[in-house]
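Please open the model in your viewer and get ready to select residues as we go. We will begin with the whole chain and then step in to individual side chains.

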Amino acid sequence: MIDLSPTTSEAVSLTELFAAHYQPMVRLAGLLGADDPEDIAQEAFARLHARRGRLREHGAAVSYVRSTVCNLTRNRLRHLKLVRQRPLDHSGVVFGGEHAVITAEKHGELLAALNRLPRRQREALVLRYWLDLSEQEIADTMGVSAGSVKTHASRGLAALGRSLKEEL
């Protein structure tokens, strides 16, 4: 077991991990539909800090943060859906600066079609094509089997294709 207690070298390691992976985690939360991606990423790193002594491998930290971002986003969306008692409308959501750049580069149609997908299909596609994770890594992150990942990704791609074809 690697000791991630707050020694000077480990504090630097956690700081470096945050510096290297914070923005990608914000983007991941935004692509998964979070209306507060910065808060989600910050909470994921706070939870990593709280668990620093229980991680078996130092390399597991990034996977832990990624899974936490997915779970927090999923929970936040579920909560907002219950509070609002209607489907979420992402048209007025303000994402981070990089999201604005993507939108400015004419990717709005793709992002809108992605946001219309069911949650699991969207997660599978974002984790596969944005983070370039393997099926097993996606399965671990989503908490499903590799076969379910294939099903969600296949159905998501088909739905995305139909949606984008209809908009043309």
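Start with everything shown. Keep in mind that this is a predicted model. Among contacts between residues at least 6 apart in sequence, 69% join residues at least 24 apart. Switch to a cartoon view and you will find 7 helices and 0 strands, so the order along the sequence reads α-α-α-α-α-α-α. Of the 168 residues, 38% count as buried.

**Stop one: helix H2**

Select residues 37-50, which make up helix H2. Show the side chains of Glu-43 and Arg-47, which form a salt bridge with the closest N and O atoms 2.8 Å apart. The two residues are 4 apart in H2, about one helical turn. In general, an α-helix has 3.6 residues a turn, so residues three or four places apart point the same way. Glu-43 is partly exposed at 32% relative accessibility, and Arg-47 is partly exposed at 38%.

**Stop two: helix H5**

Now select residues 119-130. This is helix H5, with 12 residues and a reach of 16 Å from its first C-alpha to its last, close to the 16 Å expected. Color its buried residues, among them Gln-121, Arg-122, Ala-124 and Leu-125.

Next, pick Arg-119 and Glu-123. They form a salt bridge, with the closest N and O atoms 3.7 Å apart, and both lie in H5, about one turn of the helix from each other. Is Glu-123 buried or exposed? Glu-123 is buried, with a relative accessible area of 3%, whereas Arg-119 counts as partly exposed at 30%.

Move on to Asp-132, in the loop between H5 and helix H6 (135-142). Its phi is near 55°, a positive value in a residue other than glycine. Most residues other than glycine have a negative phi. Asp-132 is also exposed, with a relative accessible area of 57%.

**Stop four: from H6 to H7**

Finally, select Glu-135 and Lys-150, whose side chains meet in a salt bridge (3.9 Å, N to O). This pair links distant parts of the chain, with Glu-135 in helix H6 and Lys-150 in helix H7 (residues 146-167), 15 residues apart. Glu-135 is partly exposed at 35%, and Lys-150 is partly exposed at 47% relative accessibility. To keep exploring, look for the other salt bridges: the structure holds 7.

How values were computed: Residues are numbered from 1 along each chain as its sequence is written. This is a predicted model: local features need pLDDT of at least 70, side-chain atom pairs count only at pLDDT 80 or more; totals for chains, interfaces and linings use all residues. Side-chain values use heavy atoms; hydrogens and water are left out. Buried means under 20% relative accessible area, exposed over 50%, partly exposed in between (1.4 Å probe, protein chains only). Contact means heavy atoms within 4.5 Å. The expected span of a helix is 1.5 Å times one less than its number of residues. A salt bridge is a side-chain nitrogen of Lys or Arg within 4 Å of a carboxyl oxygen of Asp or Glu.
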